[in-house]
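Here is a short briefing on one protein model. Keep the sequence and the 3D view open as you read.

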Amino acid sequence: TYNFSAGPAVMPASVIAQIQAELPSMQGSGMSIMEISHRSALFDQIINNAEQDLRDLMAIPDNYRVLFFQGGGTLQFTAAPLNLATKHHNIGLLDSGHWASRAAEEARRVDTQVDILASAAATHFTTLPTLTTPVDQTLDYVHLTTNNTIEGTMYTKLPQTGTVPLVADMSSNFLGQTYDVSDFGMIFAGAQKNLGPAGLTIVIVRDDLIGHAQQLPSMLDYQLFADKRSMFNTPPVFAIYAAGLVLKWLKQQGGLTAIQAQNEQKAALLYDFLDQSTLFTNQVKPADRSTMNVPFVTGNPTLDAQVIAGATEQGLLNLKGHRLVGGMRASLYNAMPIAGVQALVDYLATFEKAHTK
Ligand code: PLP
């Protein structure tokens, strides 16, 4: 089977096998990873290695802190304004679709003014919003969704915001696309697409941006998490362990440049098919297309349902599009092999032949 789910998503098979082998006893300790103390030397090594491997893979500069949070990407929609929008309580946001709107809603709930700097609503989010005027330099930061999981758009070139820090929700292309960390004030990502099990969220934040908030709940306080090395309370031990294995796997694949090249190749295989198809279409402007999530439709919901049902029978799983847009969506995260994409294209081509004259 091939799992095209948008998340929680496919994990590398070798990592699942390693987890399975190590689950009863972690490094000869007689205890499962789920049973060991987060204060043990064993776990210390696991979390330190995970942080170091992430730093190596993304070339994270020393003046950025790596924090291990819980609460998903969604909690960061609240935590980011509470920690970083402390001067003017006013942020800018690029309206690129559903998850950007969700971020705006949550920021407003904590009394942050959200200025929509550009919106792609007019194209039904089949393009990325781009800035047309210089950014107001008094904004606390600009929120950007680097990859729009539902709409299938992705930034490869970043908007210029002057001295205003960019805060990126990288949930759905974290570690699948290379970015220069120093272009951001903060990056956050839920783990459950390219990194590991749900329950872990990574925050990478520039040192000088934290520690300015007053009276924050402890569990939302970046400075506290930085000071306590993400162990203010019990961290998600299993999820951090599994993420650590995926980071090692990523290094074995040749790092992020190599994985990005593979992702581009996989995505091109599917987009090239869709672009020549007389039945299926992807409506996203080619320059703005995501390598991670590829939505497509036949234009006929009954036929879409048949496509999905037939695919499921052949072991091509979770191709149903998001309920907001319908149709199909193939998510091609790091752990999806090119053979999976080829199997999907072959299936779609066969379906097309059977359903067109
Ligand atoms: N941001 C993006 C881009 C997402 O794709 C998602 C979930 O799919 C979220 C945020 C929300 O993440 P979570 O479910 O981890 O809170």
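This is a predicted model: local features need pLDDT of at least 70, side-chain atom pairs count only at pLDDT 80 or more; totals for chains, interfaces and linings use all residues.

Residues are numbered from 1 along each chain as its sequence is written.

**Ligand shell**
- The residues surrounding the ligand are Gly7, Gly72, Gly73, Thr74, Trp99, Thr145, Thr149, Asp169, Ser171, Ser172 and Gly190. A residue is near a molecule if its C-beta atom, placed from the backbone, lies within 6 Å of it.
- Helix H3 (residues 72-84) gives the largest share of this shell, three residues. Helices (H or I, at least four residues) and strands (E, at least two) are DSSP runs, numbered from the N terminus.
- The shell has nine polar residues, one nonpolar and one charged. Nonpolar covers Ala, Val, Leu, Ile, Met, Phe, Trp, Tyr, Cys and Pro; charged covers Asp, Glu, Lys and Arg; the others, Gly among them, are polar.

**Lys193**
- UniProt, in an unreviewed entry, lists Lys193 under "modified residue: N6-(pyridoxal phosphate)lysine". UniProt positions follow the numbering used here, feature names are shortened, and annotations may be inferred rather than shown by experiment.
- Lys193 sits in the loop between strand S9 (186-190) and strand S10 (201-206).
- Why is Lys193 counted as buried? Because it has 30 C-beta neighbours inside 10 Å. Buried means 20 or more other C-beta atoms within 10 Å of a residue's own, exposed 12 or fewer, and partly exposed in between, with C-beta atoms placed from the backbone.
- Leaving aside neighbours within four places in sequence, Lys193 is in contact (C-beta atoms, placed from the backbone, within 7 Å) with Gly7, Ala9, Ser171, Ser172 and Tyr333.

**Helix H4**
- H4 (residues 98-109) has twelve residues. From first C-alpha to last, H4 reaches 17 Å, close to the 16 Å expected at 1.5 Å a residue. The expected span is 1.5 Å times one less than the number of residues.
- Trp99, Ala100, Ala103 and Ala107 are buried in H4. Seen down the axis, the buried residues of H4 fall within an arc of 105°, so they line one face. The arc is that of the directions from the helix axis to the C-beta atoms.
- Exposed Glu105 and Arg109 are on the face of H4 turned away from its buried side.
- Cover for the buried residues of H4 includes H3 and strand S3 (90-95).

**Ala21**
- Ala21 is in helix H1 (residues 13-22).
- Ala21 is exposed, with 9 other C-beta atoms within 10 Å.

How values were computed:
Two residues are in contact if their C-beta atoms, placed from the backbone, lie within 7 Å.
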